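Colleague: I am new to this structure and would like a close look at one part of it. Could you take me through the sheet in chain B, strand by strand?

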Amino acid sequence: MSVRATFATAVRVLNQLRRDPRTIALLLLVPVVLIFLLDQLFHDRRQIFQQIGGPLLGLFPLITMFLVTSITMLRERVSGTLERLMALPLAKIDVLAGYALAFALLAAVQATLVSIVAFGFLGLHTQGPSWAVVLLAVSNAVLGMSLGLFVSAFARTEFQAIQFMPAFIFPQILLCGLFTPRAQMAGWLRGISDALPFTYAYDALSRATQRGLFDGRFALDLGVTIGVTVLALALGASTLRRRTG
Amino acid sequence: MIDYRPMPSAPSIVVDKLRIRRGGVIVLDDLSLAVASGRVTGLLGPSGSGKTTLMRAIVGVQIVESGTIAVLGEPAGTPPLRWKVGYMTQNPAVYGDLTVRENLRYFARILDAAPESVDEVLETVAMTSFAGRVVNKLSGGQRARVSLATALIGSPELLVLDEPTVGLDPVLRRDLWKTFNELAEQGKTLLVSSHVMDEADHCHDLLLLREGKLVATGSPADVRAQSGKQDLDEAFLVLINEEVE
């Protein structure tokens, strides 16, 4: 692993994003608009807004980074630049870490912006410190990035990559406990929920925002989130082949 | 005392009984050849003859079924070679959403080359005045030159260039061939593929490939003598047809 190559890759990815101001605007503004919509939707039922606003805020970066990464990595595979990089003195982990660094930075900006709006203007409360929410959002973004990286290996076209979002992300949103508390789920649904990384990301956010609970279960949540991130990155690295047929 | 260092005249590339299958089809079969150091070797043949596959194998990004390739005295694709071998892919492998300079700077950082090397290679490929332009806005020939520039960064000992002059105007083509010869005079080894036979006269040595097999080798004069034709285009047609019969 080379720090120089990792930084070079991160700078390159950020430069590419810089060339695409519309994507940056969408990445930064869409979560803000959505949280505002949520605020208006539960105008008279503040308790619901308080309950789901915090966790949602931390899940936006996960979803957007999943999409952005799977498309960007697919492009890199299809355009031949990945093959070119594999002929250079660059470790696979340098490429992945470079991507992670660039997107984590973007996620931090995204999470900070939506937090400022939600906590500052919409009256969203959090029991834990607000920086903890931003930090969780960034770690979720890196989780989304690593998942996106992994699934990009299974897509041949951008259409397919986009379809991984409803296939891969939506079931996790449904089962993470946001719509129905996990305790009320049928046994088999809870079994599936137990096996999905979103469940732990959501639980950590919900503990941090609503109860300010940084207990053993919170530690487990964090451990699972980081563990799955590392696992997905390792699996993603194994899909970057130096030699192809 | 015995000097174990390779003689300066030792070939840079030695291919021995190489066999490669792509998509179930045998593309190269029992191919053996050598590429001399400090010379420009032209790899010629009709499209689909296996030129790109051979080059991919030499730079170590192609899965090889059997046989060996030694590059600068080491098995092809080993990590130290990634510093010493410059590779230009057939389709320009550069980032379309970056400027010319940003692209080259990225490659320079990975190769730990001095920042000035970017200006040098820009000069070599006559793209200095386009340094600030986004690659997507360039013509096909200009994009090919950026891709060539990425291969020149870090002044590698061996250059593997896959159709570097395709789509370029005659003046530029002449200039590039002049550059290739100058690089060889400085001691670099160049393997340059082309399907345009009239470029063969710019090379010191020729390798003529047809359907994955070597049909002729030697200097342009040798090839003329072998075929009994003065015009290289006709010489190759004779040699290719001889093989068929």
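Modeller: Two strands are taken to pair if DSSP finds at least two bridges between them. In this predicted model, six strands of chain B form an open sheet with mixed pairing, in the order β6-β7-β8-β3-β9-β10. The edge strands are β6 (85-88) and β10 (213-218) of chain B, each of which pairs on one side only, and from one strand to the next the twist averages 15 degrees.

Within the sheet, strand β8 (residues 189-194) of chain B has six of its six residues buried, so it is largely enclosed by the rest of the structure. Thr189(B), Leu191(B) and Ser193(B) point one way from β8(B), while Leu190(B), Val192(B) and Ser194(B) point the other way, and all are buried. Five bridges join β8(B) to β3(B), the two running parallel, and here Ser194(B) has Leu44(B) opposite it. Four bridges join β8(B) to β7(B), again with the strands running parallel, and Leu158(B) stands opposite Thr189(B). Between β7(B) and β8(B) the chain passes through helix α6 (residues 170-185) of chain B, in a β-α-β crossover that is right-handed.

Strand β3 (residues 40-44) of chain B is also joined by four bridges to the parallel strand β9 (residues 205-210) of chain B, where Leu206(B) is the bridge partner of Gly42(B). Helix α7 (residues 220-227) of chain B packs on the sheet, touching β9 and β10 of chain B, and its direction makes about 115 degrees with that of β10(B).

Methods. Residues are numbered from 1 along each chain as its sequence is written. Chains are lettered from A and ligands numbered from 1 in the order in which they are written. This is a predicted model: local features need pLDDT of at least 70, side-chain atom pairs count only at pLDDT 80 or more; totals for chains, interfaces and linings use all residues. Axes are lines fitted to C-alpha atoms, for helices over the stretch in contact, and angles run from 0 to 180 degrees between N-to-C directions. Two residues are in contact if their C-beta atoms, placed from the backbone, lie within 7 Å. A residue is buried if 20 or more other C-beta atoms lie within 10 Å of its own, exposed if 12 or fewer, and partly exposed in between; C-beta atoms are placed from the backbone. A crossover is right-handed if, with the strands pointing away from the viewer, the path from the first strand over the helix to the second runs clockwise.
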